[in-house]
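I opened my notebook to look through this structure one topic at a time. These are my entries, in the order I made them.

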Number of protein chains: 2
Amino acid sequence: MNYIDLLGFLAGCLTTSAFVPQVIRTWKTKSTHDLSLGMWIAFCIGVLCWLVYGFILEASPIIFTNFVTLFLAGTILFLKIRYK
Amino acid sequence: MNYIDLLGFLAGCLTTSAFVPQVIRTWKTKSTHDLSLGMWIAFCIGVLCWLVYGFILEASPIIFTNFVTLFLAGTILFLKIRYK
């Protein structure tokens, strides 16, 4: 793995794991007033599209990162709808 | 452009434009209590890494989508810090 791959890997880890603190915060506070419903709906549909795109191209990095992101962003969307 | 490229383009548009309603909401309400600071810091650094990665690979779709995303996510981070 060269330094360019490493940078891509770091970028993917950051933009995926970034959602963890938001899940934890929303889970604990059960307060979602400041979260935009539109953002999380559009984002989840977009990540789902990336996932299908990854499956079509059989590109495991795209599949893996978007699978994890969909799980985390989907959890936030679920909490937003539940504690609206 | 075939249907696979179209799907990727749709995915990119969705995961980028998704941040617009959050920017609008936060800008209007000036309320950021439910937003996780950790999420937006990690996400902005991650998108910055994707941007550098795109420049190294000279991949214009990666550069363009991450440039727009960084602008939008950076605005949310700025508002989060300002209205903490």
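**Largest pocket.** I looked up what lines the largest pocket of this predicted model. The lining has 37 residues. Nearest the centre of the pocket I noted A:Trp50, A:Asn66, B:Trp50, B:Thr65 and B:Asn66. Which element gives the most? I found that α1(B) does, with 8 residues.

I also looked up the space in the pocket and the kinds of residue around it. About 1,200 Å³ of space lies in the largest pocket. Its lining divides into 20 nonpolar, 15 polar and 2 charged residues.

**How the copies are related.** Next I compared the two chains. A rotation of 180 degrees superposes chain A on chain B. The shift along the axis is 0.0 Å, and the RMSD is 0.0 Å. The two copies are thus related as by a two-fold rotation axis. Which residue of chain A comes closest to that axis? I noted A:Asp34, with its C-alpha at 2.7 Å.

I then checked the interface. Of the interface residues of chain A, 100% are also interface residues in chain B, so the copies meet through the same surface.

A:Cys13 is in no disulfide, and the nearest cysteine sulfur, that of B:Cys49, is 10 Å away. For a disulfide the two sulfur atoms would have to be within 2.5 Å.

Is A:Cys13 buried, exposed or partly exposed? I noted 37% relative accessibility, so A:Cys13 counts as partly exposed. B:Cys13 is also partly exposed, because its relative accessible area is 38%.

**A:Cys49.** I gave this residue its own entry. A:Cys49 lies in helix α3 of chain A. Is A:Cys49 buried or exposed? A:Cys49 is buried, because its relative accessible area is 11%; the cut-off for buried is under 20%.

I looked up what A:Cys49 touches, leaving out residues up to four places away in sequence. The contacts are B:Leu7, B:Leu10, B:Ala11 and B:Leu14. I also checked the spacing to A:Asn66, which is 17 residues apart from A:Cys49 along the chain. The C-alpha atoms of A:Cys49 and A:Asn66 are separated by 9.2 Å. A:Asn66 is already in my pocket entry, among the residues nearest the centre.

**Positive phi.** Last, I looked at backbone angles. A:Lys30 has a positive phi of about 55 degrees, although A:Lys30 is not a glycine. Where is A:Lys30? I found A:Lys30 in the loop between α2 (19-29) and α3 (37-57) of chain A. A:Lys30 counts as partly exposed, because its relative accessibility is 41%.

B:Lys30 is placed in the loop between α2 (19-29) and α3 (37-57) of chain B. At 40% relative accessibility, B:Lys30 counts as partly exposed.

Notes: Residues numbered from 1 in each chain as written. Chains lettered and ligands numbered in written order. Predicted model: local features only at pLDDT ≥ 70, side-chain atom pairs only at ≥ 80, totals over all residues. Heavy atoms only, no water. Helix = DSSP H or I, 4+ residues; strand = E, 2+ residues; numbered from the N terminus. Buried < 20%, exposed > 50% of the residue type's maximum accessible area, 1.4 Å probe, protein only. Least-squares fit on C-alpha atoms with pLDDT ≥ 70 in both. Contact = heavy atoms within 4.5 Å. 1 Å grid on protein atoms, 1.4 Å probe; cavity = no way out; pocket = protein on both sides within 12 Å on 5 of 7 lines; lining within 4 Å. Points joined across faces, edges and corners; volume = space filled by probe spheres on them. Nonpolar A, V, L, I, M, F, W, Y, C, P; charged D, E, K, R; others polar.
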